[in-house]
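I record here what I looked up in this entry, in the order in which I took the items.

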Amino acid sequence: MLTLPGFWIYEELYYGEKSIVYRADKDGKSLIVKALQNEYPGVTELAAFHNEYELLKSITHPGIVKVVGVEKYENSFVILFEDIRACLKRDQVFGSVVRNI
């Protein structure tokens with residue numbers, strides 16, 4: 001699991017091919033932390049991640065979770081989002097199926 005100074009990372013929300021997403025706490029505030037999977041990302045991967053951050057930071061819409069910031073993490077960065085305590089749509093769909101089996 002990811003270790004960021006000042007953060008208590010306590011839940012993995014998503015594990016994908018290119019990124020991993022966690023729920024974390026920093027100074028009593030709940031945040032979502034998105035990190036790249038690759039321990040040593042290349043320039044292209046870092047640029048795409050940075051572009052994602054810049055794009056999401058510029059959007060203000062009630063249906064889109066707000067970006068709180070970006071932090072350096074080892075050889076990469078993490079994007080920090082506000083935590084609205086919602087569950088993933090995939091969990092709503094598949095979780096109910098699994099519970100009903």
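Two strands are taken as paired if DSSP finds at least two bridges between them. I keep that criterion at hand for the strand partners below. The model is predicted.

**Entry 1. Strand β5 and its cover.**
I looked up β5, which spans residues 76-82. I find this strand mostly covered, with five of its seven residues buried. For that count, buried stands for a relative accessible area under 20%.

**Entry 2. Partners of β5.**
I then asked which strands are joined to β5 by bridges. Strand β3, residues 29-36, is joined to β5 by five bridges, and the two run antiparallel. Within this pairing I noted alanine 35, whose bridge partner in β5 is valine 78. Strand β4, residues 67-73, is joined to β5 by six bridges, again in an antiparallel arrangement. Here I noted tyrosine 73, which stands opposite serine 76 of β5.

**Entry 3. The hairpin turn.**
I followed the chain from β4 into β5 and recorded a hairpin with two residues between the strands. Glutamate 74 lies in this turn and has a positive phi of about 50 degrees. The residue is not a glycine. I also checked its accessibility: glutamate 74 has a relative accessible area of 53% and therefore counts as exposed, since the cut-off for that class is over 50%.

**Entry 4. Aspartate 27.**
Aspartate 27 is located in the loop between β2, residues 19-26, and β3. Is this residue buried or exposed? Aspartate 27 counts as exposed because its relative accessibility is 75%.

**Entry 5. Glycine 6.**
I turned to the segment before β1, residues 8-15, where glycine 6 is placed. Glycine 6 has a relative accessible area of 57% and so is exposed. Which residues does glycine 6 touch, leaving aside those up to four places away in sequence? I recorded Asp25 and Lys26. For lysine 26 I also noted the separation: its C-alpha atom is 6.2 Å from that of glycine 6, although the two residues are 20 residues apart along the chain.

**Entry 6. Summary for the file.**
I file β5 as a mostly covered strand that is joined by bridges to β3 and to β4. I file glutamate 74, aspartate 27 and glycine 6 as exposed.

Technical notes: Residues numbered from 1 in each chain as written. Predicted model: local features only at pLDDT ≥ 70, side-chain atom pairs only at ≥ 80, totals over all residues. Heavy atoms only, no water. Buried < 20%, exposed > 50% of the residue type's maximum accessible area, 1.4 Å probe, protein only. Helix = DSSP H or I, 4+ residues; strand = E, 2+ residues; numbered from the N terminus. Contact = heavy atoms within 4.5 Å.
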